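Here is a short report on one protein chain. Please look over the sequence and the model before reading on.

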Amino acid sequence: MSQAIRNAAMEIVIAEERANGWAPHVIGVAALEKHHGCDILSTPPDGGDPHPVEVKGWGEPFLRPSGQFVYPQDLRASQMTAAQCDPRYRIELVANLTHYLAGTGPYERLTLCAEEISHATPRLWQVDLAGKQAEIRRAQASAPD
């Protein structure tokens, strides 16, 4: 996901949370985001513990012309675990952002609750690359004729 798509998705979700009386707080630290499995902790209008909210941005619309989803939503293991451990966890999807940012179409929204997420099969896994720096290969591209 490009930074522009990510930023737009975050801005839209934060604005909608605030409009609904919630108090979103962007975590903003990668280690804490991984720990919580989300990007935002959003406190309900009536107070209480904040709800973990993961934001996902799609450049494409959700659906193909046939009505089928373009692709499934990938999850990280930390997001799956968070959804299984906290019934308040949710993923806020924002799609069609390429058109929205170009001014040629509206954004699209979908919320997935912990119950829906906890039945998913995680597709993304993280590989720790610490200590692999010396194994990086570099090649000089030859100039075209």
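## Basis

This is a predicted model, in which local features need pLDDT of at least 70 and side-chain atom pairs count only at pLDDT 80 or more, while totals for chains, interfaces and linings use all residues. Residues are numbered from 1 along each chain as its sequence is written, and side-chain values use heavy atoms, without hydrogens and water.

## Overall fold

The chain has five helices and five strands (DSSP runs: helices H or I, at least four residues; strands E, at least two; numbered from the N terminus). Their order along the sequence is α-β-α-β-β-α-β-α-β-α.

Of the 145 residues, 32% are buried (under 20% relative accessible area, 1.4 Å probe, protein chains only; exposed is over 50%, partly exposed in between).

## Nonpolar cores

A nonpolar core is a set of buried Ala, Val, Leu, Ile, Met, Phe, Trp, Tyr and Cys residues joined through side-chain atoms within 4.5 Å. The largest has 16 residues, and Tyr-89, Ile-91, Leu-93 and Ile-117 have the most contacts inside it. Two or more residues each come from α3 (77-85), β4 and α5 (114-117). Another core lies apart from it, with 12 residues, among them Met-10, Ile-14, Val-55 and Val-94.

## Arg-90

Arg-90 belongs to strand β4 (residues 90-95). Arg-90 counts as buried because its relative accessibility is 11%. Beyond its neighbours within four places in sequence, Arg-90 has contacts that include Glu-17, Glu-54, Thr-111 and Ile-117 (contact: heavy atoms within 4.5 Å).
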